Amino acid sequence: MTSSDQQIIITVQGVDKIGIVAAVVNVLAKYEVNIEDIKQTLMQGHFVMFMLCDISASQNSFKEIKEALTNKGAELNMEIWVQHKEIFDNMHNV
């Protein structure tokens with residue numbers, strides 16, 4: 001099991017279109033981020049995806065990975081949020 005400080009939660013949302021998953025996964029592969037769990041849904045044309053990822057093998061910092069994903073989101077006209085899992089968990093345990 002990976003320590004929670006090396007786990008991140010990625011949330012992607014926006015209007016559905018072809019290639020969203022491929023674009024996000026390509027960024028993760030480039031930055032050597034491992035996908036541990038993934039869930040996605042489509043609600044009336046609105047795409048939502050949650051990913052639990054491990055960044056421990058990456059040579060890049062959390063900040064660099066977050067910036068790359070945020071930039072990809074802008075390119076796709078999608079919202080992409082990246083948080084440390086520990087912070088995500090604390091936010092949802094209030």
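**Strand pairing, core and loops in a predicted model**

User: Let's start at I9: which residue is its bridge partner in β4?

Analyst: In this model, which is predicted, the bridge partner of I9 in β4 is Q83. That bridge belongs to the pairing of β1 with β4, which is antiparallel and extends over six bridges.

User: And in what order do the strands sit in the sheet?

Analyst: The sheet is open and is formed by four strands in the order β2-β3-β1-β4, with antiparallel pairing. Because β2 and β4 each have a single partner strand, they stand at the edges, and one side of each is left without a neighbour in the sheet. From one strand to the next, the twist averages 15°.

User: OK, how does the whole chain read along the sequence?

Analyst: The pattern is β-α-β-β-α-β-α, which corresponds to three helices and four strands. As for contacts between residues at least 6 apart in sequence, 67% of them join residues at least 24 apart.

User: Switching to the inside: which residues of the largest nonpolar core touch the most other members?

Analyst: That core has 23 residues, and the ones touching the most other members are I8, I10, V12, V24, L28 and L69. At least two core residues come from each of β1 (7-15), α1 (20-30), β3 (46-54), α2 (62-76) and β4 (79-84).

User: Take I8, then. What is it in contact with, away from its sequence neighbours?

Analyst: Once the neighbours within four places in sequence are set aside, I8 is in contact with M51, L52, C53, I55, F62, I65, V82, Q83, H84 and K85. Q83 in that list is also the residue that bridges to I9.

User: How much of the chain is buried, and how much surface is there?

Analyst: Buried residues account for 38% of the 94 residues. The accessible surface of the chain comes to about 5900 Å², and carbon and sulfur atoms make up 52% of that area.

User: Now the backbone. What is phi at Q44, and where is that residue?

Analyst: Phi of Q44 is near 50°, a positive value in a residue other than glycine. For context, most residues other than glycine have a negative phi. Q44 is placed in the loop between β2 (34-43) and β3.

User: And N77, what is its phi and which loop holds it?

Analyst: N77 has a positive phi of about 60° although it is not a glycine, and its place is in the loop between α2 and β4.

User: Last one: are Q44 and N77 buried or exposed?

Analyst: Q44 is exposed, with a relative accessible area of 87%. N77 also counts as exposed, at 65% relative accessibility, because the cut-off for that class is over 50%.

Definitions and conventions: Residues are numbered from 1 along each chain as its sequence is written. This is a predicted model: local features need pLDDT of at least 70, side-chain atom pairs count only at pLDDT 80 or more; totals for chains, interfaces and linings use all residues. Side-chain values use heavy atoms; hydrogens and water are left out. Buried means under 20% relative accessible area, exposed over 50%, partly exposed in between (1.4 Å probe, protein chains only). Contact means heavy atoms within 4.5 Å. Accessible areas come from the Shrake-Rupley method with a 1.4 Å probe; for residues, only the protein chains shown count as cover. A nonpolar core is a set of buried Ala, Val, Leu, Ile, Met, Phe, Trp, Tyr and Cys residues joined through side-chain atoms within 4.5 Å. Two strands pair if DSSP finds at least two bridges between them. Axes are lines fitted to C-alpha atoms, for helices over the stretch in contact, and angles run from 0 to 180 degrees between N-to-C directions.
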